[in-house]
Amino acid sequence: MVAVPERCGRSGPINLREACGLLEMPWPQAGRPAVPHESAARHVAGSALYIDDMPEPAGTLHIALGLSSEAHADITGLDLEAVRQAAGVVAVFTADDIPGVNDISATHSHDEPLLAQGRVSYHGQPVFAVAATSRLAARRAVAKARISYAALPAIIDIAAAQPGGVMVCAPMVLQRGDPAPGLAAATMRLGGEMRCGGQEHFYLEGQIALALPGEADEIIIHSSTQHPSEVQAMVAAVLGVARHAVIVEVRRMGGAFGGKETQGNLFASIAALVARATGRPAKIRPDRDDDFIITGKRHDFLLSYDAAFTEDGRIEAVAMQLAARCGFSADLSGPVTDRALFHADNAYFYPAVRLTSQPLRTNTPSNTAFRGFGGPQGMLAAERLMEEIAYATGQDPLDVRKANLYAPGRNVTPYHQTVSDLNGLALVEQLEASSDYRARRAAIRAFNAKSPVIRHGIALTPVKFGISFTATAFNQAGALVHIYTDGSVQVNHGGTEMGQGLHSKIIEVVARTLQVPQEAIRISATNTGKVPNTSATAASSGADLNGKAAEAAALTLKTRLIDFACRHYHLKPEQVRFTREGVVLGTSVLSFARLAQAAYGARVQLSATGFYATPDIHWDRASGKGQPFYYFAWGAAVSEVAIDTLTGEYRLLRVDILHDVGQSLHEAVDRGQIEGGFIQGMGWLTTEELVFDAKGRLATHAPSTYKIPACRDTPPDFRVALAQGLAHGAATIYGSKAVGEPPLMLAISVLHALGDAVASVADYRSCPRLDAPATPERVLAAVRRLKDSGLGP
C-alpha cells in the first residue's frame, strides 16, 4: 500500500488561512483520522435513523400509487369508485386534485407530470394516489382501480427510436478541427458499434418521504434525496406556495448513487399533496418492485465510432455518435449525454475530432443520474477504440493506450480545455510496474496456449474524470457553523450524507481549521431552512464544495476569536495560535472552550455562514467550448479474469488499482469509495442486465432477476493504492481530490480483461467486441463467434 503523508499540502497563495495560523501546527490525523466514519457505530448497532425508522406521528396516512399498465396510451376511462370505498382509504388523488402545477421536471422541460393526465407515456407511470390508514390498505385499494386505455405506438429501445429521431432535448456537438479529411485519407481506418446497458441504482434504502403539515401553508418534508432544494422547489410548485413555506430535511440516505437526485421529487411531492389536503402526516414508501418499475436508471447507449490511425496505433482523427435511451421525459438526460461526450476521449488525445449526442425519447421510465453521470458510457467508447486499434495493429492494447495518452503539446480536449495536470502516463507506468503487468501478460499467454477450456485475460485501463458540475451555476455551496460556550461545534452544510462519508470529511475540515478534536464537532441534518439554495450532492463535488464552505465559516469564527483575544489579552495576532493542546495566548494556553466562553461574555458572535463558488470554470454549450472542469481525477486499474469457454462463466481473480485522491481528507473513506465504486462498475459491465419486453414492461424488477455483485464476486486478490506526488493544478480543500464517481470507471478494465480472454480462442487475431453487460451468455456467444471465424489455432 502507498502511504499517505501525515500532513496535507497547500496550493495557491496564503491569505486568511495563513493569517489565522491554520498551517502552523502539524496535524498527524490528516488522511488518518482518529475517529471512523461519523455514523459507523450507529450503522453497526442499527441505531442510525432513516426515515422509515422515525416514529410515525399519530394519524399518519400511508400512500400507494396506481400505475399505468400500458407503455403509451390515451386514458379513456378512470373508475376509482371501488378504490374510494376500500377499507382504510381516506382519500384518493388524481391530477385534477393538484392545487399548483402538475409538473416535476427537473430541467424545466415541462414534460414530467406528477400524475398522468389524459395519457400515459411508460409502463408503471403513476396515474393516481391512494392515502389510507395503513400501507397494506393503500396497496390493496390501488388494485381495485379500473382504467381503460386506447393504445398508441410505443417506442421501447434505441433501435426503434433512432429512425424517427425524436429527442428529449437538443443534442450537443463537440468538435476540434475537422476529422473528415483525416478519415477520408486514412491509410488505416476502422469503425464499429458498441452497446452498453443501463443499471438499476439498487440503493439499500428505497425511495421514501414523510410530510408533516404545519400551520397555515407550511410543511416539513423528510425526504431521501440528494437534492433537498430541488425537492423544496418541486413541492412548492405542486402545492402552489412559496418556497419559504416548505422545509426539506435529510439526515441520511441508505444509498443513492444518483437515483435520488431527481427521482425523489415524485415521492416527496405526493406525500406533500396528501398532507396538505388532509391535514395529516403522510408517508410513502413504495414496494421495491414498484421502485424499480417507476424510477429511471443509468442510460443505456449505442456507441458508434470511426477512426483513422497510424500503423503504430496513434490516432489521427475520430468521429463518434453516442445515442442514449432517455425515457419519456428529459429529466437529466441532456447533461448526462453531454458528459458522455466530455468523456468520450477518456485520457486520450484526438488530433481532429467530432462527437455528437443523440438523447432519444422512448416510452420507458425517464433515465436519470447514476454515478459517473454519462462519463462511464463515454469512456467505454474511447476504450473500445483503443482495443480495436490494438487488434488491428497487432499490439498490446496497453501500448496503444500509452501512445495516445494526453501529453505535452497534445493536451487539448475536444471541448477546448487544456489538460494541465498530465498525470496519465506517470500513473499508468507506475501501475504497470507495481502490478507486474508485462510478466503476468506473458504468463497468461503461455497458460492459454496449453489450456483447452479455461482461459485467462488481463487488461490495464486508465481513467481521467472531470470534476465540476457542467451546469456552472451549481458549483457553489453554503455552510453554517456554531461554536457553543462549552467548546462544542455544530455544522450544517448543503451536502447530503448517503453513506459516502461526506459528513466525516466536513468534520475533518472543521477540526483542522479550528484545531479541535473531531469528537467536539457534530453535523446536523441537512435542512433547507438553515442553508438555502443548495446544489445536489452529486458530480463528485460534495467535499470540494461543502468542505470549502465549511472552512470559510470556520475561518470567519477563528478570525473573530483571534481579534477578541488580541483585544482582551493585549496581544498581537501572531501571538495567538490554535493548537490541539489549546489556544496559545502569548506565553499561556487557554482551552478552546474557555476562549469561547470569554468571547461570548464579550458579546462576540459565535455563529457564521460560509460560502464557496468554484473559480476558473466556464462553459458555452452552444459553441462546445470552455473550461467546464476545475480539475481532473486520475486513476488506473489492472484486472485479471478467468473464463470457462464451454459455459461463458467467469471469475475475477485479481485487481490492482492506483488512484489519485490528492491529499486524502479521510483515507478509510476514500479507500471505501474506490473499492465500492469499482465493484459497482463491475456489476454494470458484467452481471446487471435490464430487460424490457416488447410492451415496455421491465422484466428485471427484483433481486430474483436483476443481479448486483455479491461478496463472492469481489476479487480474492484486491490491491488498492493511493497515488502520490502527482500534479494538482487546483486549490481544492487541503489539496484533496474528488473520489465519488471516478473509481467506478476503473472497472472498465474488467470488461477488457474478459475480452482478452475471449480473444485467446482466435489466437488474439480479432477484436472480441464484447457488449456490456458482458453476461456469461454474451461471453459464450463471443467465444463461439471467434471460434467459428476460423482465426484460431
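Q: Helices (H or I, at least four residues) and strands (E, at least two) are DSSP runs numbered from the N terminus, so with that settled, which loop is Tyr734 found in?
A: In this predicted model, Tyr734 sits in the loop between β29 (717–722) and α19. Its phi is positive, about 55°, although the residue is not a glycine.

Q: Is Tyr734 buried or exposed?
A: Tyr734 counts as buried, because its relative accessibility is 1% and the cut-off for buried is under 20%.

Q: And Ala539, what is its phi?
A: Phi of Ala539 is near 60°, again a positive value in a residue other than glycine. Ala539 belongs to the loop that runs between β20 (526–527) and α16 (542–569), and at 11% relative accessibility it counts as buried.

Q: Where is the cis peptide bond?
A: The cis bond joins Ala772 and Pro773, with omega at about 5°. Pro773 is placed in the loop between α19 (748–759) and α20 (776–788).

Q: Stepping back, how many helices and strands does the protein have?
A: The secondary structure comes to 20 helices and 29 strands. The C-alpha atoms fill a box of roughly 85 × 75 × 50 Å along the principal axes.

Q: What radius of gyration does the protein have, against that of a compact globule?
A: For 793 residues a compact globule would have a radius of gyration near 28 Å, and the protein has 27 Å, which agrees. Buried residues make up 61% of the 793 residues.

Q: What share of the contacts joins residues at least 24 apart?
A: Taking contacts between residues at least 6 apart in sequence, 81% join residues at least 24 apart.

Q: What about the surface, how much of it belongs to carbon and sulfur atoms?
A: Of an accessible surface of about 28300 Å², 53% belongs to carbon and sulfur atoms.

Q: Moving to charges, how far apart are the mean positions of the positive and negative ones?
A: The mean positions of the 73 positive and 78 negative charges are 2 Å apart.

Q: How many salt bridges does a search of the whole structure find?
A: The search finds 36 salt bridges. One of them is formed by the side chains of Asp52 and Lys283, at 2.5 Å from N to O. Asp52 lies in the loop between α2 (40–45) and β1 (61–67) and Lys283 in strand β12 (residues 282–284), so this pair ties together parts that are 231 residues apart in sequence.

Q: Which side chain does Asp111 meet in a salt bridge?
A: Asp111 meets Arg361, at 3.8 Å from N to O. This pair links distant parts of the chain, 250 residues apart, with Asp111 in the loop between β3 (89–93) and β4 (119–120) and Arg361 in strand β15 (residues 353–361). Asp111 is buried, with a relative accessible area of 17%, while Arg361 counts as partly exposed at 26%.

Q: And what does Asp300 pair with?
A: Asp300 and Arg325 meet in a salt bridge of 3.1 Å, N to O. Asp300 lies in the loop between α9 (288–294) and β13 (301–309) and Arg325 in strand β14 (residues 315–327), so the parts they tie together are 25 residues apart in sequence. Asp300 is buried, and so is Arg325.

Q: Which residues do salt bridges that share partners join into one network?
A: The network consists of Asp396, Asp399, Lys402, Glu429, Glu432, Arg438 and Arg441, joined by salt bridges that share partners.

Definitions and conventions. Residues are numbered from 1 along each chain as its sequence is written. This is a predicted model: local features need pLDDT of at least 70, side-chain atom pairs count only at pLDDT 80 or more; totals for chains, interfaces and linings use all residues. Side-chain values use heavy atoms; hydrogens and water are left out. The radius of gyration is taken over C-alpha atoms; the globule rule is 2.2 Å times the number of residues to the power 0.38. Buried means under 20% relative accessible area, exposed over 50%, partly exposed in between (1.4 Å probe, protein chains only). Contact means heavy atoms within 4.5 Å. Accessible areas come from the Shrake-Rupley method with a 1.4 Å probe; for residues, only the protein chains shown count as cover. Lys and Arg count as positive and Asp and Glu as negative; His and the chain ends are not counted. The place of a charge is taken as NZ of Lys, CZ of Arg, CG of Asp or CD of Glu. A salt bridge is a side-chain nitrogen of Lys or Arg within 4 Å of a carboxyl oxygen of Asp or Glu.
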